[in-house]
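Colleague: I am new to this entry and would like to learn how to read its features one by one. Could you take me through them?

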Amino acid sequence: MKKRGWQRRTRRRPHRDSLVGLALLLPCLVVVLLFFAYPLIGVFVRSVSDPAPGISNYVEIFSSRAFRNILRLTVEVSLLTTVGCLVLGFPVAWYITTLEKRRAQLFLVLSTAPLWVAILARLYAWTVILGRRGLINDSLAVMGLVQEPLDLLFNTRAILIGMIHVMLPFMILVLYSSMKGVDESLVESADSLGARPRQTFVRIYLPLISPGLIAGSLLVLIMSMGFFILPAVLGGGGDITIPIYVQTQIRLFKWGIASAMSMILLIVTLALFALLTKVFDPKSVVVGGSRR
Amino acid sequence: MSKSIPSTESRSLQPSTGARIEIRGVRHSFGDVLVLDEFDLTVEPGEFLTLLGPSGSGKTTLLRIVGGLTIPDEGSVIVGGVDMTLLPARERGMGFVFQNYALFPHMTVQDNVAFPLQIRGISSDQIDRDVERALDLVNLQGLGARLPRELSGGQQQRVSLARALVFNPAVVLMDEPLGSLDKRLRQYLQNSIRLLQKEIGFTAVYVTHDQEEAFAMSDRIVVMHGGTVRQLGVPETVYRSPTEHFVADFVGDINEIEGVLRESGHGLVIEIAEGNTLMVPPYLSRSLREGDRVLCGIRPEMVLIQEEPMGSPRLQATVELVSFHGNSYRILSRLRDGRRFIVESSSSLSAPAEGSTVWLHWDEEQTIVLIPPDGQP
């Protein structure tokens, strides 16, 4: 009898394990459903019902030339930010992997230090640096390099500078961890088999860190797409991105348009996500590299 | 493509002549730790030479220096008459097999083996033929489309070997390539590697800390310790006539008995326990004097166990434990002075009973006579 009871218990265990798993998942599930899924559905419903049922909000948005500019600016700035972070972050992350442990930790802390300072403080610091009577313009004027102060602030370029500045630490962290995971003997092996550094880099190193490249790019891209405060502070009057546009519509109590716009932002972001994962699929990189 | 890579002509995996490797006065340290000290070694063309030593003996560092993965602080490496000391690994054209296989995880077996050929700009038809032949050679026909992670450890190491051989290197360097495989597979691959090496004729330098592996595969063995050569010789010599205590102990089990030199009627003899005397080996006769202490080593399998005393030298012992190992018994016994003494005898002979008193005999000439590690002769 005793033995049977024990057997029954072990046989039941998979079921019980899944119950335990569900119980552990529950708090998080409740939060996600309550504070994410429910509002999202609400936003969608509002976008097709306010002020009148139908897709009039979407029609209005897509027929407007201004909106197309807003969409293009949002995507352009986000993509350029991603590229900028890749170009600037790659060498830094790589350099840190070559350091011995203690120095590497110091450099990682230093490169992520900006994250400790409140974002608004950092953005207003940029207005001080880039302004018409700011650090750069004053220095240039003192050196006699410019007659008129340059327009560095309140334009798309200023948004880009700020955006890259804010996103770079994330890119460096993600790239660093994937580069740190590359087995050094693979690089040595390519070397011993006769590959020149460029060949080793393209055919061995890049494919091996491609998961990190994808993850870092997606992280930066998605965060950039939805960034509100930065374009609002550093951008000029014409630099309206989707989040800023949504905020203006809400101020005008145009909830329907704002909701439709948010849905579009979500869809565009997901589309870019899908596109990037497809283009940078590790397998496709590999096949492209090693088969003729 | 690049002029500096020793060219691979259109033929492939045909018997090549190995290159001579000369290592001259190589010295290398990591920080304050000296890992190689004034190291000299010549590896003959087509020879299979093993660097044997415990971890930290500098054997892997030496291999990496030969392969160009580490640049030595001092000294030079000359391969096939060319000074390669400062040449990067990619221009040396040597095959290097890593302990962890170092297969490119994102490439198929086919692409891994093709990699060194593609780098050399060889036509794709030729590459296909060469890769197929290399995979044939290591018995991996038909697995070209697999990814490394879909193979077993032994198969992965064979891919790594095929990749190191496919471009016909005159020198192949192997860093504990079988270290993480189980015993049976290791023996199988030891034989495969050795047969391939004899067939193709490349010069092989092999690193291991496993003395049996070193014995089984090598033409010659270099026993290393503390960054220097402790003994260089064919496996039988290293095993039977080690020149120092470290080597004797590292390459196999050994029973140690202290001895003192005494003058007998006809010259010096070594006196050991129980009134036995051993003759002084000729190569030591000039350096030893009366009263000097020596260590006499007796390998377990050289001992004959008998119930009655027969001839000399002989020692009386009590059997403590008999363990059966298939082809042999290992008999743990204790001498009258309390020392342990291990005997290995063929399992075709009957084993003595535990607790019984036996006599241990051995051939006087097979005694390994060593100068003690601490004392001066």
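This is a predicted model: local features need pLDDT of at least 70, side-chain atom pairs count only at pLDDT 80 or more; totals for chains, interfaces and linings use all residues.

Colleague: Which secondary structure elements does chain A have?

Modeller: Chain A has 13 helices and zero strands. Its radius of gyration is 25 Å, well over the 19 Å that the globule rule gives for 292 residues, so chain A is more spread out than a compact globule. Along the principal axes, the C-alpha trace of chain A spans about 95 × 65 × 45 Å.

Colleague: Where in chain A is there a cis peptide bond?

Modeller: The cis bond joins Asp50(A) and Pro51(A), with an omega of about 5 degrees, and Pro51(A) has its place in the loop between helix 1 (2-47) and helix 2 (56-63) of chain A.

Colleague: How many residues of chain A are in contact with chain B?

Modeller: The contact involves 18 residues of chain A and 23 residues of chain B. On the side of chain A that touches chain B, helix 8 gives the most, with six residues, and by class that side has eight nonpolar, six polar and four charged residues.

Colleague: In what order do the strands of the open sheet in chain B lie?

Modeller: The order of the four strands is 2-1-4-5, and their pairing is antiparallel. Strand 2 (33-43) and strand 5 (82-83) of chain B stand at the edges with a single partner strand each, so one side of each is left without a neighbour in the sheet. Helix 1 (residues 59-67) of chain B packs on this sheet, touching strand 1 (21-30), strand 2 and strand 4 of chain B, and its direction makes about 120 degrees with that of strand 1.

Colleague: A positive phi is something I would like to see in context; is Ala102(B) buried or exposed?

Modeller: Ala102(B), which is not a glycine, has a positive phi of about 50 degrees and lies in the loop between strand 6 (95-97) and helix 2 (109-119) of chain B. Ala102(B) counts as buried because it has 26 C-beta neighbours inside 10 Å, the cut-off for burial being 20 or more.

Colleague: And is Asn139(B) buried or exposed?

Modeller: Asn139(B) also has a positive phi, near 65 degrees, and its place is in the loop between helix 3 (124-137) and helix 4 (153-165) of chain B. With 12 C-beta neighbours inside 10 Å, Asn139(B) counts as exposed.

Technical notes
Residues are numbered from 1 along each chain as its sequence is written. Chains are lettered from A and ligands numbered from 1 in the order in which they are written. Two strands pair if DSSP finds at least two bridges between them. Helices (H or I, at least four residues) and strands (E, at least two) are DSSP runs, numbered from the N terminus. Two residues are in contact if their C-beta atoms, placed from the backbone, lie within 7 Å. Axes are lines fitted to C-alpha atoms, for helices over the stretch in contact, and angles run from 0 to 180 degrees between N-to-C directions. Ala, Val, Leu, Ile, Met, Phe, Trp, Tyr, Cys and Pro count as nonpolar, Asp, Glu, Lys and Arg as charged, and the others, Gly among them, as polar. The radius of gyration is taken over C-alpha atoms; the globule rule is 2.2 Å times the number of residues to the power 0.38.
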